[in-house]
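The structure is shown first.

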Amino acid sequence: PDEAGSWSRPGRDMGDSYFSPLEGVDSGNAGRLGLAWEFKDFLVRGRTRYGMQSTPVMVDGTLYFSGPWGEAYAVDARTGKQRWMYDTNADGEYARNTCCGVSNRGVAVADGKLFVGSLDGHLFALDLKTGKPLWKVDTFADRHWNYSLNGAPQIAGSVVMIGNGGAEMGARGYVSAYDLKTGKLAWRFWTVPGDPAKGPDETPEVTLARKTWPADSRWDLGLGGDAWNGLAYDPETDTAFLGLGNGGPHPAWLRSKSGKIMD
């Protein structure tokens with residue numbers, strides 16, 4: 001961020017240092033901080049209030065964050081008054097695909113837009129000032145797997161990256177990147193090889209990774225490796241870093257018919 005009071009990313013800067021250059025609060029007066037306001041107007045579906053796991057960001061005096069289903073909120077940072085809310089209308093059936101309940105880790109801001117993912121796998125670009133939807137894409141490449149989307153998007157240059165969850169339920173991991181302006185798919189990186197009987201590998205990287213898997217791997221189980229959160233980007237080297245979750249099934253000896261871990 002250019003302004004000292006800006007916090008437009010969960011970790012504030014591209015290195016996620018979580019450091020603020022502001023000097024108003026220090027070790028001498030931090031103990032005198034108190035509650036200024038509380039926001040409770042979250043969308044409730046059915047009778048269940050799910051926990052909030054979103055990290056807010058702040059741009060020009062407005063806090064932006066997501067709710068458990070992937071709905072987006074804009075709130076006045078001084079008063080807590082809601083400026084706008086956008087309901088992504090996530091399909092409630094996708095709650096059954098989550099390992100640990102309905103949740104969302106946050107939003108990303110760039111190019112005058114707010115980006116947020118809904119639990120049922122859609123990525124939205126919203127106008128930062130009004131909450132008006134600008135584009136929407138379906139990020140799930142194959143809906144026969146038990147995917148859910150509960151991670152935060154990550155800005156990477158001219159694209160926004162998003163992964164998915166589902167390794168515990170049966171899924172094949174990948175990360176997708178979409179053009180900030182149009183939502184057009186820029187690239188997709190598969191973290192686990194697919195079933196070779198269903199067609200050629202999507203990229204040379206998948207072919208390279210396949211050499212490390214037993215030939216009799218249970219491709220029908222997806223084998224996990226989902227990037228459910230923790231994506232990062234280094235602008236100096238133009239490099240994306242993907243944090244991957246567990247393999248599926250959890251026990252490595254169940255991922256191949258022979259029980260082998262690697263060829």
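## Pocket, rings and a hairpin

The largest pocket has a volume of about 400 Å³. The model is predicted: local features need pLDDT of at least 70, side-chain atom pairs count only at pLDDT 80 or more, and totals for chains, interfaces and linings use all residues. Residues are numbered from 1 along each chain as its sequence is written, and side-chain values use heavy atoms, with hydrogens and water left out.

A pocket here is an open set of points on a 1 Å grid over the protein atoms alone where a 1.4 Å probe fits, with protein on both sides within 12 Å along at least five of seven lines; lining residues have an atom within 4 Å of a point. The volume is the space filled by probe spheres set on the points, which are joined across faces, edges and corners.

The lining of the largest pocket comprises 25 residues, and Arg9, Pro10, Asp16, Pro153 and Gln154 lie nearest the centre. By class it holds 13 nonpolar, nine polar and three charged residues, where Ala, Val, Leu, Ile, Met, Phe, Trp, Tyr, Cys and Pro count as nonpolar, Asp, Glu, Lys and Arg as charged, and the others, Gly among them, as polar. Strands S5 (108–110) and S9 (154–156) each supply at least two lining residues; strands are DSSP runs (E, at least two residues), numbered from the N terminus.

Rings of Phe, Tyr and Trp (its six-membered ring) pair if their centres lie within 6.5 Å; planes under 30 degrees apart count as stacked, over 60 as edge-to-face and the rest as tilted. The count comes to 15 aromatic pairs. Two of them are tabulated.

| Pair | Centre distance | Plane angle and class |
|---|---|---|
| Tyr50 and Trp69 | 5.8 Å | 85 degrees, edge-to-face |
| Trp213 and Trp219 | 6.2 Å | 50 degrees, tilted |

Tyr50 lies in the segment before strand S1 (57–59) and Trp69 in the loop between S2 (62–66) and S3 (72–76), so the pair ties together parts 19 residues apart in sequence. Tyr50 is partly exposed at 32% relative accessibility, whereas Trp69 is buried at 6% (buried means under 20%, exposed over 50%, partly exposed in between; 1.4 Å probe, protein chains only). Trp213 is buried at 18%, as is Trp219 at 11%.

The charged end of Arg210 sits over the ring of Trp219, 4.9 Å from its centre (CZ of Arg or NZ of Lys within 6 Å of the ring centre and within 35 degrees of the ring normal). Arg172 lies over the face of Trp190, at 3.9 Å from the ring centre. Ring pairs link Trp190 with Tyr94, Phe140, Tyr147 and Tyr174 into a cluster.

Strands S7 (122–127) and S8 (133–138) run antiparallel and are joined by five bridges; pairing requires at least two DSSP bridges. Leu123 has Val137 in S8 as its bridge partner. Five residues separate the strands of this hairpin, and Gly131 takes a positive phi near 80 degrees.

Note on methods: Helices (H or I, at least four residues) and strands (E, at least two) are DSSP runs, numbered from the N terminus.
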